[in-house]
Amino acid sequence: MDPSSVCTCNPPVSPCIPTCPNHIRTLPTCFHINIKPNAPPSFVLPAMSNASYVIDMNFNLEINIRAVNENVLDPVIITAPVVLPIGASLAPILGDSQNTYLFKWTPASYYGGWSQAICFRAVNSISDVSSEACVQVAVNRCSWSVNQGQTLAEIATIFGSNFVQMWALNPDLVSPDSLLIPGTSISVGHLYTVRSTDNIRYLNVQFATTRATIELLNFDLKAAISALSQPLGDKDPLAFWSGRQVCILPHSCVDTLGKAA
């Protein structure tokens, strides 16, 4: 019904305020609008918070990272709040409709013994609120993940050794020319538990190795030595590392002072 046909003006002057019969009037309708602040994005990948990965050197680690907003129209940007390990990358997967990012890292030969939390930050690009999720990554000492086509001699060269020494460290190989299956683990040294009285020179002489090789194979030990208030001499005790393991790679040609010949 057209209200203009039954409503009259009271009083009949302009501007007119219509007076309508009760059966034509409508009750006022109210809306309560609650505008909430944007919540930070929530991580859905990795599937479990504080996930952990233990990998070998040269292992191709790939982790899918995804975060979502309550408002699906607000885009999410994922970054790394701290510097990533050397060689690592974080980038969106092209063509992925769910805005998934891919973290990739292949630890180099000097990352044995490395262990650290790698964190990711998800930012709501509209309101700038953010959240973080971390995964723990540890790199095995003395263990190398084989690439397609790699030989024992090639792996030995990476560590300044030779294929005979590498063969001795891997007695399950029938021959130093044995075909290496991609993704399998090859030992590039043996583990030794440090005593409080040990020092670098003792390790050099006892195991026919060098300080440079010990530091190459033990990222965390090298970092701990660098953090000492005073330089560590070859004869200074490794008491601060007592009870912990190091990776040792003997050399075929090392003099009595622990120097490569």
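Two disulfides were identified in the predicted structure. One of them is formed by C119 and C134, whose sulfur atoms lie 2.0 Å apart; the torsion about this S-S bond is about 100 degrees, so the disulfide is right-handed. Because C119 belongs to strand β9 (residues 115-124) and C134 to strand β10 (residues 130-145), the pair ties together parts that are 15 residues apart in sequence. With a relative accessible area of 15%, C119 falls under the 20% limit and is therefore buried, whereas C134, with a relative accessible area of 24%, is partly exposed.

A disulfide also joins C142 to C247, with an S to S distance of 1.9 Å, and this link is right-handed, with 125 degrees about the S-S bond. Since C142 lies in strand β10 and C247 in strand β13 (residues 245-248), this pair ties together parts that are 105 residues apart in sequence.

A nonpolar patch on the surface is formed by F31, I33 and I35, which together have about 450 Å² of accessible area. Of these residues, I35 is located in the loop between β2 (18-19) and β3 (42-45), and this isoleucine is exposed, with a relative accessible area of 74%.

Key:
Residues are numbered from 1 along each chain as its sequence is written. This is a predicted model: local features need pLDDT of at least 70, side-chain atom pairs count only at pLDDT 80 or more; totals for chains, interfaces and linings use all residues. Side-chain values use heavy atoms; hydrogens and water are left out. Patches are made of residues with over 30% relative accessible area and no salt bridge: like charges are joined within 9 Å, nonpolar side chains (Val, Leu, Ile, Met, Phe, Trp, Tyr) within 5 Å. Accessible areas come from the Shrake-Rupley method with a 1.4 Å probe; for residues, only the protein chains shown count as cover. A salt bridge is a side-chain nitrogen of Lys or Arg within 4 Å of a carboxyl oxygen of Asp or Glu. Helices (H or I, at least four residues) and strands (E, at least two) are DSSP runs, numbered from the N terminus. Buried means under 20% relative accessible area, exposed over 50%, partly exposed in between (1.4 Å probe, protein chains only). A disulfide is a pair of cysteine sulfur atoms within 2.5 Å.
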